[in-house]
Each structure stands twice: as structure tokens, then as C-alpha cells.
Amino acid sequence: MKRRLALLVAAAALVMPAGLASATDTSTPGTWEQYPTGATEYQADVQQPINSANTSNWSSKSKGAIPVMFKLSSRQGPAAFESILSDATDANDYAFMSFTPSSPLLFSEVTQLKTDYAFTLGDCHGGALRWSVRVSATQSVFIYYGEAPNFTDCTTSNQSGVNMIGQPDLRYDTSQVGGTFYDTYAHALTLVGSMPIVRASLVIDGGWAGDQRLTVSNTTVNGNAYQFVTSAGGGAFAPTCSLPAATINVARLDPTPDGDLNEEAVNPQVYDTGTSFRVVDCKYLYNLAIPSLAVKGTYRVEILLDSVVAGSARFDLK
């Protein structure tokens, strides 16, 4: 529950980047933003003296170290409308599309909130999928998708393409503006109808209760429609010197080393300890102590960014 509240606060308070994309209709003028815009993807390539062709061999009797070096490249990845909390990253914990009117728009003047959706993973739960209509820095009216009163079924009770303004049931949460969790649209009008909205956002952040992923399209506020950009980024990886923290993982693959000895160890006084790479001249470096490996064999060394393998290489001890 604490994590759910933290995600709700984060989604509400986030300062969003400007000018991501234009709307397809401007019946009510304003600007759209989306989060995420695509997480950064990484690729790490091993540098010599470890050869990328897996031909590097060291003596297992050496007291020196193997310089493990990687050079990093990055690119912008695609975005997904999802809330995934089963993995090790925070970048996909929630997603939203947010419409900010360019001139004052009263809550009572919001006549259309809709989106076309289909769940490809999970379903509605944990207060999402929903619209959040913000009327102040700390107050929103929430409109939940799904089957009342639990709002946990968005497939059987399907509101894809349905206008969520003016629905006759108790799916309007006015608890932040002086009302109740289960409230009517009519009462929401009484409470905040004369207040100008700050923005209206379609939000998914219920992954704390089970992973969620949707395809969404034609997300519309008063005729102003937006298409969530899923194809942002991609393309070729480009070298980068913006190097996030990285850790090393070493595993012995088999006891039989191949090839001839062709590498010399570096000074044993420059061993690295722990699991963290150092950054030297725009590269990751870890001086791996040969005595710590102890036995002959073929080894794989990996570089991990946020617990995800970004690159690997092999070498032998003979």
C-alpha cells in the first residue's frame, strides 16, 4: 500500500517534458505529454586485452590481474503504456498521458474523457486504469475504469471508447475534494464544477497489485485526441561517456581452456575488490585478480547495469 501511494504521488507531481507530440484535433486547445518516452537501452563491448573473438588466454599460475574493460553505447528505447513492478527497474512502474488546456477550462466544461484500450497483460486493479482530473496542486477527481464497485475487470466490463464523463454509477472518486471514494458525477459537479482544471491524465499505475500492460489509442479530452508514442527511439547504438554505475559478474563455464597462452597479467598491486567497475577514460575498468579465480577453465565475464546484462566476454585460464 505504501508503494501504491508513492506511485500515485509521483505520477501527480511529475514535471513533464514539453513538446513531445501534437494532438490530432484541437476542439479544445491544449498540449499533450506522455510518460515514459522510452527508457535508455545500453550495449557494452569488451575492450582489449580481452579479445571479442574469445581468444584471450592467461596463465592460471599468475599472481597478476586481468584488465576487464568495456566501452558503452546507448540509444533511446521504445515506450510502453504499462505498470510493471515484478522486475528490477523503476522506469516502467507507471505510465500516463496528460492533457493541459491552453486556456482556462472548468471541470464542468470537460464533456469528454475517453480512450480505446486493450489489456495485453493483466487487467484493471489497484485504482488503474483511471482518469485523473487535477483541479489544484494537491487535488484530483479520479474516474475509474472497470466493473463497479471494485473496478477490477476492464475486459468483461469494457469501457474502451466510452466517454467516462457523465456515467450514471459511482465511479467518481471525490475524496480529495471533500467528497467520497464512491461518488456520482452530479456530486463532483457540485464540488468542483466551477474550478478550472490543471490537467486531465489517463494513468496506469496498479502494477503493485499485478503487472499491467495496455495498447491505447485515440485518448481524447473534449475532441482533442492523442496517440501514445510507442515507437519513440530505436535506431543504432551510439558511443556514450555518460556511464551509470555498473557491476561485474564472473562465472566458470567449463574446466577445459582452449588455445595458446597469449596474454600477460598486469601488476598484482592493482587488484579491484568488490563488484563495482571503475570509470577510466570513458570506459569501465575492473582489474580481476587471477588468484581469485583459482582454477583452470573457460570463464565468462559480464557487465551489469541496474542488474541487467549489458555485455559479456570470454577468456581462458591455462
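**Surface patch and sheets**

Guide: Leu-170 lies in the loop that runs between β9 (140–144) and β10 (172–173); strands (E, at least two residues) and helices (H or I, at least four) are DSSP runs, numbered from the N terminus. This is a predicted model, in which local features need pLDDT of at least 70 and side-chain atom pairs count only at pLDDT 80 or more, while totals for chains, interfaces and linings use all residues. Residues are numbered from 1 along each chain as its sequence is written, and side-chain values use heavy atoms, without hydrogens and water.

Visitor: Why does Leu-170 count as partly exposed?

Guide: Buried means under 20% relative accessible area and exposed over 50%, with partly exposed in between (1.4 Å probe, protein chains only). Leu-170 counts as partly exposed because its relative accessibility is 42%.

Visitor: Which residues make the nonpolar surface patch of about 270 Å²?

Guide: Patch residues have over 30% relative accessible area and no salt bridge; like charges are joined within 9 Å, and nonpolar side chains (Val, Leu, Ile, Met, Phe, Trp, Tyr) within 5 Å. A salt bridge is a side-chain nitrogen of Lys or Arg within 4 Å of a carboxyl oxygen of Asp or Glu. Areas come from the Shrake-Rupley method with a 1.4 Å probe, and for residues only the protein chains shown count as cover. The patch is made by Leu-170, Phe-181 and Tyr-182.

Visitor: Which strands stand at the edges of the open sheet of six strands?

Guide: Two strands pair if DSSP finds at least two bridges between them. The order is β1-β6-β11-β8-β9-β10, with antiparallel pairing. Each edge strand has a single partner, so one side of it is left without a neighbour in the sheet; the edges are β1 (30–35) and β10.

Visitor: Which residue in β11 stands opposite Phe-99?

Guide: Strands β6 (residues 95–101) and β11 (residues 199–204) run antiparallel and are joined by five bridges. Opposite Phe-99 stands Ala-200.

Visitor: In β19, what is the bridge partner of Asn-57?

Guide: An open sheet of four strands with mixed pairing has the order β3-β19-β18-β15. β3 and β19 (residues 308–317) pair in the parallel sense over two bridges. The partner of Asn-57 is Asp-316.

Visitor: Which residue takes a positive phi in the hairpin of β12 and β13?

Guide: Three bridges join β12 (residues 212–221) to β13 (residues 224–226), and the two run antiparallel. Val-221 has Asn-224 as its bridge partner in β13. Two residues lie between the strands, and the one with a positive phi near 50 degrees is Asn-222.
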